[in-house]
Structure formats: structure tokens, C-alpha cells
Amino acid sequence: MANNPRNILITGAGSGIGAAVAKVFADAGDRVHLLDISDERLGTVAEGLPDDRVETHAVDVTDFDSVQDAVRRVAEHGSIDVLAGCAGVFDGLATVETTTPELWHRIIDINLTGTFNVVKPVAEQMIRQKSGSIVLMSSIAAHRATPDGLAYDASKAGIEGMVRRLAVDLGPHGITANTIAPGVIKTGIRATSEEILGELVPDTNVGVGTNSDLQRMLLPLQRPADASEVASVVFFLGGEGASYISGDVIHVDGGWIAA
């Protein structure tokens, strides 16, 4: 274990990319603080990590007060060194016609407002520290309109705009802020989205990630990524090697952005 382990706060840590991020930092000797709406998923992820490097918080990111309380508890360890914002849900291929006001508000509340709810108290803590790194999860959907639904696309584009402003606000305090735009990643986001959204979205089991022929057409690498391949980029952006990168979008999409 590292002599001076960092404190890493991860939202959406109960599955997918968030769980992979927790593993890569814990394996490096850091202490990971896992936030997720599901106690059950948090427990499953925590079981695979060393007991002395993990702390779990069952939190709904749409509840600002609960998020603020969790951030305060994490900061009691002395610092918050990296925020990995991975919480999010997916709305299938919902078009402007099939996106109801209820679906729109739910997606925006979780993906965009939920990100703000975590970023604000963490950024205020990092300003007090005069150090830290914020890494938020965008999507290829912020750049390519076809793979996802209307509200999801808008929420991810909003996260990228948020990161640019964060870089401006936080840079003078020695804090970096970046976002990652994954493409097709092997995760359980469709199942967790169906669980959280219920009948608000007719079908989350559609899109590029479910069609191998489309993957071969759109992705130069012609395969989906493992969540660990995204997590390794989060780890890099949270480390000293990325100390002069801020306000940027890193695509982890198998070359999709170039195709």
C-alpha cells in the first residue's frame, strides 16, 4: 500500500465504469469512497476490494443535501484528491417524439444536475486544499447524435460544457477538471437504467452497443471496450502525469470520433 494513499471519491461506483475505477485506484493503494444509489451493488463492489481501502455511501446524486453530507464525510479523511463522476443513466434511442417531459427531467436530474450536486461540494473542498483533480464522464453521444436518446445526448453535452467552466474556475487553485467520452463499453448501464427509470423509457436495450454489425461499421478497432480501459484513463487524469491537462475531453471510443 502507498505510504500516503489518496482519497478518491467515485459516483456510480456500484457497477460498470465506476466499479472499474474503484478497482484501479484501490489496486494502486489509494482509499476509494464509493457512492451509488444501490446498497446491494455497493456491497458487491466493496467485497472485491481490500477492506482498509474502501468506504461506501448509499446516495442518490439527485439529492444535494445527501451528497453534501457524503462529501463532508469523505473530507474528514483529510482531503479529496480525485473525483471520478461516473453516475448516469441511459434513455435508449428516445427521440423528440418519444421523450416525455418526465423522462427528460429524470435523465437531466441524474446525469447533469446529479453531476453538479457532486461537483459543487467537492470543488469547494478542493479549493480549500488548493489541489485536486475532477474527472467527469461524458459520452460519444455528446459528439455523435445517433447512438443514444435526446435527453442523454443533451446531458452529456452539458457535462462537457460544465468541465470547461470548471477548468477556468478551478485552475487558479491548482485543480484540474477534465471529461472522458467513452464509446461502446461493456457495462451493465442498460440494466441499471431500466431498474432506475422503470417505464419512463420504452426500451433501453437498443443502440450501437447491442449491434455487433454496427460496431464493426462505426468503430475502427471493431470491438467494444472493457470498463477497465476507461478506468485506466481516469487513473491517468487523476495523477501527476496529467497535471497540465485541464478543460479537455479525452475520447475512449475505439476511434469512433475519427470515423
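This is a predicted model: local features need pLDDT of at least 70, side-chain atom pairs count only at pLDDT 80 or more; totals for chains, interfaces and linings use all residues.
Residues are numbered from 1 along each chain as its sequence is written, and side-chain values use heavy atoms, with hydrogens and water left out.

The protein contains eight helices and nine strands, these being DSSP runs numbered from the N terminus (helices H or I, at least four residues; strands E, at least two). Its radius of gyration, taken over C-alpha atoms, is 17 Å, close to the 18 Å that the globule rule (2.2 Å times the number of residues to the power 0.38) gives for 259 residues, so the protein is as compact as a globular protein of that length. Along the principal axes, the C-alpha atoms fill a box of roughly 50 × 35 × 35 Å. Of the 259 residues, 50% are buried, that is, under 20% relative accessible area with a 1.4 Å probe and protein chains only. Of the contacts (heavy atoms within 4.5 Å) between residues at least 6 apart in sequence, 72% join residues at least 24 apart.

In soluble globular proteins, nonpolar side chains tend to be buried together. A nonpolar core is here a set of buried Ala, Val, Leu, Ile, Met, Phe, Trp, Tyr and Cys residues joined through side-chain atoms within 4.5 Å. The largest such core has 34 residues, of which L9, I80, L83, V122, I134 and L136 touch the most other members. At least two residues of this core come from each of α3 (64-75), α4, β5 (132-137), α5 (150-170) and β6 (175-182), and α4 gives the most, with eight residues. Another core, of 33 residues, lies apart from it and includes I10, M137, A227 and V233. When neighbours within four places in sequence are left aside, V122 is in contact with L9, V71, I80 and L83.

One cavity of 30 Å³ or more was counted, a cavity being a set of points on a 1 Å grid over the protein atoms alone where a 1.4 Å probe fits but cannot get out. The largest cavity has a volume of about 70 Å³, volume being the space filled by probe spheres set on the points, which are joined across faces, edges and corners. Its lining residues, which have an atom within 4 Å of a point, are T11, V61, L83, G85, A87, I110, N111, G114, T115, V118 and L136. Both β4 (82-85) and α4 (101-129) supply at least two residues of this lining, and the largest share, five residues, comes from α4. The lining of the largest cavity comprises six nonpolar, five polar and no charged residues, with Ala, Val, Leu, Ile, Met, Phe, Trp, Tyr, Cys and Pro counted as nonpolar, Asp, Glu, Lys and Arg as charged, and the others, Gly among them, as polar.

How values were computed: On a 1 Å grid over the protein atoms alone, a cavity is a set of points where a 1.4 Å probe fits but cannot get out, and a pocket is an open set with protein on both sides within 12 Å along at least five of seven lines; lining residues have an atom within 4 Å of a point.
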